[in-house]
Amino acid sequence: MLTQLLAYLVKIIKLQQQFILILMTQLANIYLHSKTPRLESPTYRRFNQFKADDKLPLLQANIHKNQLNYQELLVAYQAKHGKPLKPVNHRQAFAFPRQTCPGCGAPSQYLYANGGGDKSSLLLCPDCQNKLELAKQRANFKAWRCNNRHCPNRKRELAKLNSSQYQEYLKRPSQFKLRYIYREYAFKIRQIAPQSSAQSRVDLSRIQASPQVLGLILSYCVNYGISAAKTAALMYDIHGIKISKQTILNYAQAVAANIRPFLDNYPYQLSSQLVGDETYLRVKGKWHYLFYFYDVNKKIILADYVTPKRTTESACIAIYQVLKKYQVIPENLRFTVDDNPIYRVARLYYAHQEGINFDLNIVKGLTNETEVAKEYRPAKQTIERLNRSLKANYRPMGGFKSASGSITYVTLYSLCHNFLRPHQSLGYHPPVEVPELTGLTRMPDKWLRLIKLAQEQLPTA
C-alpha cells in the first residue's frame with residue numbers, strides 16, 4: 001500500500017514539473033516579444049548642454065561700393081533741412097562695439113544701440129572675423145553661428161577634448177559646442193518686465209482689523225516665519241482676537257501691493273559690487289524660481305523676481321530690477337554669479353541691445369578653480385546665506401497655493417530684510433535705516449510706520 005502511494009506522488013510531481021516547464025517557456029516567449037525595457041547596464045549618452053560665449057560679435061556694414069562719409073552726410077542734411085543734425089541724446093550709458101559707424105565713420109554720439117538689428121550690417125565672429133550664419137530662429141531669439149572650420153575658437157575648444165571625448169565627437173559632432181554662437185534676442189526688456197509684481201483686490205484702508213492687529217500679523221508671518229494658519233491660532237490663543245487664515249493672507253497681499261513701489265523706488269545708497277543667484281520655491285505643487293540680486297557691501301536686496309521658468313528673459317528682468325535702482329549706472333558695475341549660462345547671455349543682451357555694460361565674476365562649483373572664484377567666493381556665500389534665511393522662514397508654510405501668494409511673501413520678506421531686520425555684520429542695524437523709524441522699538445509699530453510711508457508716496461488719483 002505504501003509503495004503504491006509513493007509511486008502515485010512521484011507521478012504527480014513529474015506532471016507538475018512538466019506544467020512548470022510549459023509555463024516557463026510561455027513566459028520567456030512573452031518576455032522576448034514584449035516592449036518591456038531590458039535589464040541592461042545604463043548607456044551614457046552625451047548631450048550638448050546650453051553654453052554661452054563671453055564675446056560680442058563684430059559689426060560690419062554690408063556696403064561693398066560707394067563708402068559713405070558722415071561729414072558729407074551732415075552737410076547734405078543741413079542743406080536739405082536748414083539746420084544741423086543733432087547728436088543722439090542717449091538716456092543710458094552708451095557703448096558701441098566699434099565706437100564708429102562701419103558704413104560712414106560717424107562717431108558714437110551719432111549712433112543708436114538698435115535692438116532690432118541693423119539691416120545694413122553683418123555680424124562677424126570676434127575670433128576670425130568670418131560672417132556669422134543664421135543657425136536657429138525661435139520666437140524670442142535668433143542664433144548666429146560661425147561656420148569657419150579654421151576659427152581659433154573652434155580649434156581652442158577642440159584642443160580641450162580628451163581622447164574619449166574626441167572619439168565621441170567624431171561619432172556625434174552635434175553633441176559638442178565648438179563654434180562661436182551669438183544669440184540675438186527680439187524682446188524689449190521694458191515690455192516684458194512686470195510693472196508691479198504684487199497685486200491685491202483688498203483695500204488696505206477698509207480692513208476690519210485695527211492697525212495694531214495688522215502690525216502683529218505681519219510681525220508673526222514675516223519676521224518669525226509663522227504660517228497663516230498658526231498665526232490665526234496664535235492671535236486667538238495669545239491675544240484673544242479671532243481672525244481667519246484667509247483674512248491674514250488677504251491682509252498680507254494688500255500690504256505687499258501697497259508697499260512694493262516703496263521697495264522699488266527708495267533712493268538706496270548702493271555700491272558697484274553685486275551678487276546674484278536663483279533658488280527654488282514650491283508653488284501649487286511645482287517648482288518656481290526666485291532670482292535674487294544683492295548688494296554685497298550694503299546687504300540690500302535689489303531684485304526678487306519669482307518666475308516659473310529659469311530662462312535668459314528671467315535673468316534679464318531680474319537685472320533690470322537692479323539697474324532701475326541706480327540713478328547713474330557705475331562704470332565698474334560687477335555681478336558675481338554662478339556658471340549658469342543665462343547670465344552670460346543676459347550680459348551680452350544688455351551690452352549689444354541696451355547699451356549697458358557690466359562685468360561678471362563667475363564662481364563655479366564648490367572649489368576655487370580660478371583666481372576669480374577664489375576672490376569672489378565670499379560674496380557668493382553671502383547670497384547663499386540669504387537663500388538659507390528665506391528657506392528657514394518659508395519652510396513651515398510648505399509651499400504656496402498660488403503664484404500671487406509667493407510674490408506676496410517674497411515682497412514682504414525683502415522689505416523686512418532691507419528696512420527692519422538687524423544684521424550682525426552691520427553692527428545689528430538694518431541695511432537701510434529710515435529716519436522715520438528712529439525711536440520705535442516694537443516691530444508692529446515699525447511695520448505700521450513703513451506702510452504709512454509707502455502710502456504717502458503713492459500717486460493720488
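**Close-up views of the predicted model**

**Figure 1. Overall content of the protein chain.** The protein chain contains 13 helices and ten strands. The structure shown is a predicted model. The chain has 461 residues, and 43% of them count as buried. Among contacts in the protein chain with a separation of 6 or more, 65% are between residues 24 or more positions apart. The accessible surface of the protein chain amounts to about 27900 Å², and carbon and sulfur atoms account for 52% of this area.

**Figure 2. The largest nonpolar core.** This core is made up of 80 residues, and Phe335, Tyr350 and Phe419 have the most contacts inside it. The element that gives the most to this core is helix α8 (residues 245–265), which supplies nine residues. In soluble globular proteins, nonpolar side chains tend to be buried together.

**Figure 3. Surroundings of Phe419.** Phe419 is one of the residues with the most contacts inside the largest nonpolar core. When its neighbours within four places in sequence are left aside, Phe419 is in contact with Phe262, Leu263, Tyr266 and Tyr268, and also with Pro430, Val432, Val434, Leu437 and Leu450.

**Figure 4. The largest pocket.** The volume of the largest pocket is about 1000 Å³. Its lining consists of 32 residues, and those nearest the centre of the pocket are Ala52, Glu157, Lys160, Asp339 and Arg344. Three elements, α3 (152–159), α10 (341–354) and β10 (359–362), each give two or more residues to this lining.

Figure 5. Two cavities of 30 Å³ or more are found in a search of the whole structure. The second largest cavity holds about 40 Å³ of space. It is lined by Ala52, Asp53, Ile181, Tyr182, Arg183, Val345 and Leu348. Strand β5 (181–185) and helix α10 each give two or more residues to this lining, and β5 gives the most, with three residues. Five of the lining residues are nonpolar and two are charged, with no polar residue present. Ala52 lines this cavity and is also among the residues nearest the centre of the largest pocket. Helix α10 likewise gives two or more residues to the lining of the cavity and two or more to the lining of the largest pocket.

Notes
Residues numbered from 1 in each chain as written. Predicted model: local features only at pLDDT ≥ 70, side-chain atom pairs only at ≥ 80, totals over all residues. Heavy atoms only, no water. Helix = DSSP H or I, 4+ residues; strand = E, 2+ residues; numbered from the N terminus. Buried < 20%, exposed > 50% of the residue type's maximum accessible area, 1.4 Å probe, protein only. Contact = heavy atoms within 4.5 Å. Areas by Shrake-Rupley, 256 points an atom, 1.4 Å probe, with all protein chains shown as cover. Core = buried A, V, L, I, M, F, W, Y, C linked by side-chain atoms within 4.5 Å. 1 Å grid on protein atoms, 1.4 Å probe; cavity = no way out; pocket = protein on both sides within 12 Å on 5 of 7 lines; lining within 4 Å. Points joined across faces, edges and corners; volume = space filled by probe spheres on them. Nonpolar A, V, L, I, M, F, W, Y, C, P; charged D, E, K, R; others polar.
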